[in-house]
Amino acid sequence: MRLSRSLIPTLKETPAEAQIASHRLMLRAGMVRQTAAGIYAWLPLGLRVLANIARITREEQDAAGAQELLMPTIQPAELWRESGRYEDYGKEMLRIRDRHDRELLYGPTNEEMITDLFRQSVKSYRELPQIVYHIQWKFRDEVRPRFGVMRGREFLMKDAYSFDLDHEAAVVSYRRMMLAYMRTFQRMGLKAIPMLAESGPIGGDLSHEFIILAPTGESQVFYDAAFEDIDYSGEFSQSSEADLERFFDLMTTCYGATDDKHDATAWERVAPDRRREGRGIEVGHIFHFGTKYSKPMGLTVAGADGRPVIPEMGSYGVGVSRLVGAVIEASHDEAGIIWPDSVAPFRAAILNLKLGDAACDHICEQLYADFAGQALYDDREERAGVKFADADLMGHPWQVVVGPRGAANGRVELKRRATGERQEVLAADVLRLI
Ligand code: 5CA
């Protein structure tokens, strides 16, 4: 993209309404704009990050054997009356009436709808187990939407649903999703700690929250260093039940807790050199709730002996749009965002320090073409200082700085955003080096 003709409205001043770093930086870098309280438009730069986070999430769901589908945002109230949640959900639910006076709602989650879809389509034990997921917008009319996309009213969630024939099989699905989550967050450059949680309005008897570490996180976290050291993609296989069990045992025996559940006695038992403290943000939540929805909604399949079986279910949420803010909370400095390579909107920014200089223009155009859509070309009629500041603010992993003196000899400066390291290199070598 050429910055001169992009809808990336960067701001020099810090917007007064933003209280936390990610909210400030997302507004300043021109990633999002609020259109109503807790509702955001994703501008091109922000959308590229959101898409990368959705893509990594999707790849790991697929790798875990989950199938992608897409359910609507608007749901009939009737389904929620069947599960008993229509009244329970209270004011957080956005209730809508259509022209025929039929009651609808903007979905805050999809347990009822997916149970209904399975009820219509799945008839035999032979068709299970299955896990399905979608990445879809949700609406929750939060009393106090705040912190930008971290607590919005409209937000993007990946929600998956598992269907199994018995409790033992349901636990395997739960573990498989848990491993998918740890891989997902690790690929985004985040350190995640799973924590035993209450299941709240979703219901159920087994639930974990996933807290990622960020110095500005909302809650204090105490955890075992093991969580930082494990290579979740390398050390466990999704398809081996023995691996999943070993993984789950490790996750549940290693200490990890937030302030309200912190257990001083258990903490003492963690070897002193393995004790870590930090702050964290919840980015995912998974639930096993058995027959809480399948039973009242009458979902059954014919078992091997012909008798009806009520499937055991679980649901698994990732806050896709919240993660954009969470990654920034985990990775920024005074000057702006520092994107991990895997989620960065562009691999590099090309900074043309002297527009109109034949050598600068030529090198920039050549690099821009070679990057094939993976670079943002700052071709604006702006001072060098403004370009440096905006590139740091937007946080591209690499900056290719093209000035007239170097350009005359085919040379450019390559800067790594995370370390600030700079090196002078031949323009022709840039792609190979990064
Ligand atoms: N049905 C279950 C799992 S699919 C469910 O809805 N779980 S949840 O309520 O915990 O939400 C899942 C994830 O969505 C949360 O971990 C959080 O990361 C994200 N989320 C929840 N509320 C918001 C919000 N208001 N703004 C942004 N993200 C949110």
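This is a predicted model: local features need pLDDT of at least 70, side-chain atom pairs count only at pLDDT 80 or more; totals for chains, interfaces and linings use all residues.
I then checked the bounds. The domain assignment gives domain 1 as 3-337 and domain 2 as 348-433. Their centres, taken over C-alpha atoms, are 38 Å apart. I also looked up the contacts, and 14 residues of domain 1 touch 13 residues of domain 2.

How many salt bridges cross the interface of domain 1 and domain 2? I got 1. I also looked up the pair Asp 333 and Arg 417, whose side chains form a salt bridge with 2.8 Å from N to O.

**Entry 1: the largest pocket.** The largest pocket holds about 680 Å³. It is lined by 35 residues, and those closest to its centre are Arg 140, Met 157, Glu 282, His 285 and Arg 322.

Which elements supply at least two residues each to this lining? I wrote down strand E8 (154-164), strand E13 (275-290), strand E16 (312-319) and helix H11 (320-330). Sorting the lining of the largest pocket by class, I get 14 nonpolar, 10 polar and 11 charged residues.

**Entry 2: the second largest pocket.** Of its 24 lining residues, Met 195, Leu 196, Gly 256, Ala 257 and Lys 261 are the closest to the centre.

For the second largest pocket, strand E9 (192-196), strand E10 (206-213), helix H9 (241-253) and strand E12 (256-258) each give at least two lining residues. By class, I have its lining down as 10 nonpolar, 6 polar and 8 charged.

Entry 3: I ended with two spots on the backbone. Is the peptide bond from Leu 128 to Pro 129 cis or trans? I looked at omega, which is near 5 degrees, and the bond is cis. Pro 129 sits in the loop between helix H5 (111-121) and strand E7 (130-139).

The other spot is Phe 147. I found its phi near 60 degrees, and that is a positive value in a residue other than glycine. I traced Phe 147 to the loop between E7 and E8.

Definitions and conventions: Residues are numbered from 1 along each chain as its sequence is written. Side-chain values use heavy atoms; hydrogens and water are left out. On a 1 Å grid over the protein atoms alone, a cavity is a set of points where a 1.4 Å probe fits but cannot get out, and a pocket is an open set with protein on both sides within 12 Å along at least five of seven lines; lining residues have an atom within 4 Å of a point. Grid points are joined across faces, edges and corners, and a volume is the space filled by probe spheres set on the points. Helices (H or I, at least four residues) and strands (E, at least two) are DSSP runs, numbered from the N terminus. Ala, Val, Leu, Ile, Met, Phe, Trp, Tyr, Cys and Pro count as nonpolar, Asp, Glu, Lys and Arg as charged, and the others, Gly among them, as polar. Domain bounds come from an automatic or database domain assignment. Contact means heavy atoms within 4.5 Å. A salt bridge is a side-chain nitrogen of Lys or Arg within 4 Å of a carboxyl oxygen of Asp or Glu.
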